[in-house]
Amino acid sequence: MSKIQKIGVLTSGGDAPGMNAAIRAVVRSTIYNGREAYGIYDGYEGLINGNMVPMSSHDVSNIIQRGGTILKTARSAEFRTPEGRAKAYGQLKEKGVDALVVIGGDGTFTGARLLGQEHEIPIVGIPGTIDNDLFGTDYTIGYDTAVNTVVEAVDKIRDTASAHNRLFFIEVMGRDAGFIALRAAVATGAEGVLVPEVETDLEELFAYLENDYKPHKSSGIVIVAEGEKSGGAYTIAEKVSKRHPEYDVRVTVLGHIQRGGSPSGFDRVTASRLGAAAVDALMDDQKSIMVGIVNNEIVHVPFNRTIKYTKSLNQSLLNLINVLSI
Ligand code: F6P
């Protein structure tokens, strides 16, 4: 049985719906295993400043359904330095916290890997980002809710697009990845999707508009991922307007509404499973790994691998857009 006695948990980077469900699962699994749980506020910034408190089972009551993160989150510049990480480790030693669970994305795991390399502290990561851009897990916490939020918004935009015979370009989040864009595009029956992983071919878009869209449709939706590389939703919309002045083109940027809201049932279950799995991994003396879900099974992925490799978009979903948008 592991010697670990006190497990600290923090959220870092962009918040994602379901982070609270993960915090709840970490705290309760820790207590279930007869250990003490500590909540660390403000991500790595709070770790450096020693902003941590013991957490009881009751402290995480009534949060499974809440968006955001009760522990707050931050992007810490100081933690990127060895001095910052040494300070953070000093705080953990002082409080007797001897293991960590970090909930976040790529940047969070990069920091965790360095802290674990430089100091004697076992760390397990839980993938929490709406972007779903982490290698080694099919889903990250928050992705499903964000997609549902986009779907709801796009459905509404489709009503007005249809009423006015308009062509909408809708920008969604995802940083450098197109996971939100692609899934939302399939779910909303979008006429097109433009993602960073595939070079945008404007001639192909023009040909589609001329040959498929124009003869059959009077309104449409093109989802554009924010990381799209040819200039983004506004630039593309402008080029389409120039080439096709007959279309009534509009652009909507959905922005941070995609990060908020009550987590979906799927995200709550994923977060609960991953939270418990992270504590189980620490109890098994695992370290420097992310817990993920692949084919509905819990997996352990070394930080090195999840940081180094890039998850690919599902090519068959991309093809599906072409088939179903005729
Ligand atoms: O990583 C989550 C995310 O929402 C990305 O999709 C987006 O690019 C970024 O964070 C926005 O960050 P901020 O909230 O700091 O503007």
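Author: First a term: helices (H or I, at least four residues) and strands (E, at least two) are DSSP runs, numbered from the N terminus. This is a predicted model, in which local features need pLDDT of at least 70, side-chain atom pairs count only at pLDDT 80 or more, and totals for chains, interfaces and linings use all residues. Residues are numbered from 1 along each chain as its sequence is written, and side-chain values use heavy atoms, with hydrogens and water left out.

Reader: Where is asparagine 62 found?

Author: Asparagine 62 sits in the loop between strand 3 (52–55) and helix 3 (82–95). Its phi is positive, about 60°, although asparagine 62 is not a glycine.

Reader: Is asparagine 62 buried or exposed?

Author: Asparagine 62 is exposed, with a relative accessible area of 57%. Buried means under 20% relative accessible area, exposed over 50%, and partly exposed in between (1.4 Å probe, protein chains only).

Reader: And what is phi of asparagine 295?

Author: Phi of asparagine 295 is near 50°, a positive value in a residue other than glycine. Asparagine 295 lies in the loop between strand 10 (289–294) and strand 11 (297–302), and it is exposed at 65% relative accessible area.

Reader: On to the largest pocket: what is its volume?

Author: The volume of the largest pocket is about 800 Å³. On a 1 Å grid over the protein atoms alone, a pocket is an open set of points where a 1.4 Å probe fits, with protein on both sides within 12 Å along at least five of seven lines; lining residues have an atom within 4 Å of a point. Grid points are joined across faces, edges and corners, and a volume is the space filled by probe spheres set on the points.

Reader: How many residues line the largest pocket?

Author: The lining has 37 residues, and Gly105, Asp106, Gly107, Thr108 and Arg175 lie nearest the centre. Helix 4 (106–118) and helix 10 (303–308) are the elements that give two or more residues to this lining. Helix 4 gives the most, with six residues.

Reader: Which residues make the nonpolar surface patch?

Author: Val186, Leu320, Val323 and Leu324 make this patch of about 330 Å². Accessible areas come from the Shrake-Rupley method with a 1.4 Å probe; for residues, only the protein chains shown count as cover. Helix 11 (residues 315–324) gives the most to the patch, with three residues.

Technical notes:
Patch = residues over 30% accessible without salt bridge, like charges linked within 9 Å, V, L, I, M, F, W, Y side chains within 5 Å. Salt bridge = Lys/Arg side-chain N within 4 Å of Asp/Glu carboxyl O.
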